[in-house]
Amino acid sequence: SEETPEHDAELMLSDVNYSMHVDVQRMAPFGAGNKKPIFLFKECLVSAAEPFGKEKQHTRLTLGDNGQVSAIQFFSDEKLKSVKAGETLSLLAHIEEDAFGKRRGIRLRIVDVLR
């Protein structure tokens, strides 16, 4: 059997929405004794993978058949930088609010990519 890294719950991409974010925030404040929950998302289709940032050091994945979920990692490792659109992968991530720019939304903050 495959070893699945430690996580708090397994979710589907369709679970990533504002009400899930609100539920997670009810567990705050997060810190040493209360770690931010990590969710496992299995077999996600990558519809887009793009580097961003001044030096292209960050990565944004768009996940799902309809490209409905954005997932980012700042200062991405090589494993994430090598992900290509059309791949299917599993990942560990936090759910967070994307407050950057005009469009507020909910996104994933990637902890690790599982291949």
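1. Strands are DSSP runs of E with at least two residues and helices are DSSP runs of H or I with at least four residues, both numbered from the N terminus. This is a predicted model, in which local features need pLDDT of at least 70 and side-chain atom pairs count only at pLDDT 80 or more, while totals for chains, interfaces and linings use all residues. Residues are numbered from 1 along each chain as its sequence is written, and side-chain values use heavy atoms, with hydrogens and water left out.

2. The largest share of the lining of the largest pocket, three residues, comes from S6. A pocket here is an open set of points on a 1 Å grid over the protein atoms alone, where a 1.4 Å probe fits, with protein on both sides within 12 Å along at least five of seven lines, and lining residues have an atom within 4 Å of a point. The volume of the largest pocket is about 350 Å³, and among its 13 lining residues the closest to the centre are Arg60, Ser70, Asp98, Phe100 and Arg107.

3. Asp98 lies in strand S5 (residues 88-98) and is buried, with a relative accessible area of 18%, where buried means under 20% (1.4 Å probe, protein chains only). Its side chain makes a polar contact with that of Arg107 at 3.2 Å, a polar contact being a pair of N or O atoms within 3.5 Å, one able to donate a hydrogen and the other to accept it, with residues adjacent in sequence counted only if both atoms are side-chain atoms.

4. Leu108 touches, among others, Phe41, Leu63 and Leu91, contact meaning heavy atoms within 4.5 Å.

Methods
Buried < 20%, exposed > 50% of the residue type's maximum accessible area, 1.4 Å probe, protein only. Points joined across faces, edges and corners; volume = space filled by probe spheres on them. Lists of a residue's contacts leave out its neighbours within four places in sequence.
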